[in-house]
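Here are my notes on the model, point by point. Have the structure open while you read.

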Amino acid sequence: MITLAEVQAFCTVARAASTPCALLHAVEGITAAMGFRYFALVHHIDLLNPGSTAVRLVNYPRDWVDAFEEGRLYAADPIHRASHTTTMGFAWSKVEAMISLHPRDHAVLAAARSAGLGDGFTIPAHVPGEVNGSCSFAMREGEDLDEEQLPLVQLVGSFAFEAARKIARATIAPIAAAPQLTERQIECVALVARGKTDWEIAKILGVGAETVTQHLKDARDRYGVTKRTMLAIRALFDGAISFTDILR
């Protein structure tokens with residue numbers, strides 16, 4: 001079982017890693033120290049056609065990696081789907097209690113076992129405005145998961161994925177800053193996200209309908225979109241509005 005000191009040492013190394021190779025060696029070491037055999041730090045996208053900022057650091061059995069990629073399981077994999085429902089790490093043995101498993105899901109899990117993967121532990125990685133990802137550690141088939149150390153495994157996985165994400169993002173040009181909306185534009189966009197019409201927004205804010213229409217047009221222009229729905233989605237992703245603004 002790993003110690004907190006070992007986790008802290010790994011986090012220091014992971015934070016300093018500047019190349020995928022350096023991080024790979026660090027993750028390999030901590031994976032073995034935790035008693036796992038395999039790891040996968042990935043964004044949940046098509047790994048045969050990843051974007052330039054996609055995280056992909058995997059040492060799963062080659063047969064399973066090939067089957068996973070050829071079968072385009074990045075979206076259908078039940079482990080990935082389960083990770084979209086929580087922010088906490090979870091053992092693979094608990095997946096059936098988290099999501100409904102279909103026959104295809106059972107087939108995917110059976111294929112993973114046939115490739116040599118046993119029980120595992122997955123730490124979700126959710127960053128607003130980015131595709132979902134995760135860090136998973138897996139045992140060999142027939143080996144037991146040490147549940148007492150899972151809180152420390154969660155910490156390792158979170159640091160590992162963030163380190164991989166930092167390295168991936170460093171390979172591209174800096175991302176342009178999000179458009180800045182005025183306070184009144186933000187109020188209008190939040191009400192659009194709640195399904196309000198321009199007339200309803202005008203009544204709520206105590207302004208003319210034409211004023212609301214202009215605020216929303218200016219906001220769409222700043223984002224370079226033409227649809228109200230896309231404006232609301234972009235503002236939500238960028239943090240200009242929040243789910244609390246929409247649901248309250």
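How far apart do the C-alpha centres of domain 1 and domain 2 lie?

1. They lie 38 Å apart. Domain 1 covers 4–171 and domain 2 covers 183–245, with bounds that come from an automatic or database domain assignment.

2. A word on the ground rules. This is a predicted model, where local features need pLDDT of at least 70, side-chain atom pairs count only at pLDDT 80 or more, and totals for chains, interfaces and linings use all residues. Residues are numbered from 1 along each chain as its sequence is written, and side-chain values use heavy atoms, with hydrogens and water left out.

3. Strands here are DSSP runs of E with at least two residues, helices are runs of H or I with at least four residues, and both are numbered from the N terminus. Two strands pair if DSSP finds at least two bridges between them.

4. Strand 1 (residues 38–43) is worth a look. Antiparallel to strand 5 (residues 133–140), strand 1 is joined to it by 6 bridges, and Leu41 sits opposite Cys135. Towards strand 2 there are 3 bridges, again antiparallel, with Arg56 as the bridge partner of Val42.

5. (Buried means under 20% relative accessible area, exposed over 50%, and partly exposed in between, using a 1.4 Å probe and protein chains only.)

6. His43 counts as buried because its relative accessibility is 6%. The His43 side chain also reaches the backbone nitrogen of Val55 at 3.0 Å.

7. Last, the helix pair. The axes of helix 1 (residues 4–16) and helix 7 (residues 150–169) come within 9 Å and cross at roughly 5°. The two helices are therefore roughly parallel to each other, a label for angles under 35 degrees. Axes are lines fitted to C-alpha atoms, for helices over the stretch in contact, and angles run from 0 to 180 degrees between N-to-C directions. Residues meeting across this pair include Phe10 and Cys11 from helix 1 and Leu155 and Phe159 from helix 7, where contact means heavy atoms within 4.5 Å.

Note on methods. Polar contact = N/O pair within 3.5 Å; in protein donor to acceptor, adjacent residues only side chain to side chain. Parallel < 35°, antiparallel > 145°, perpendicular 65-115°, else oblique.
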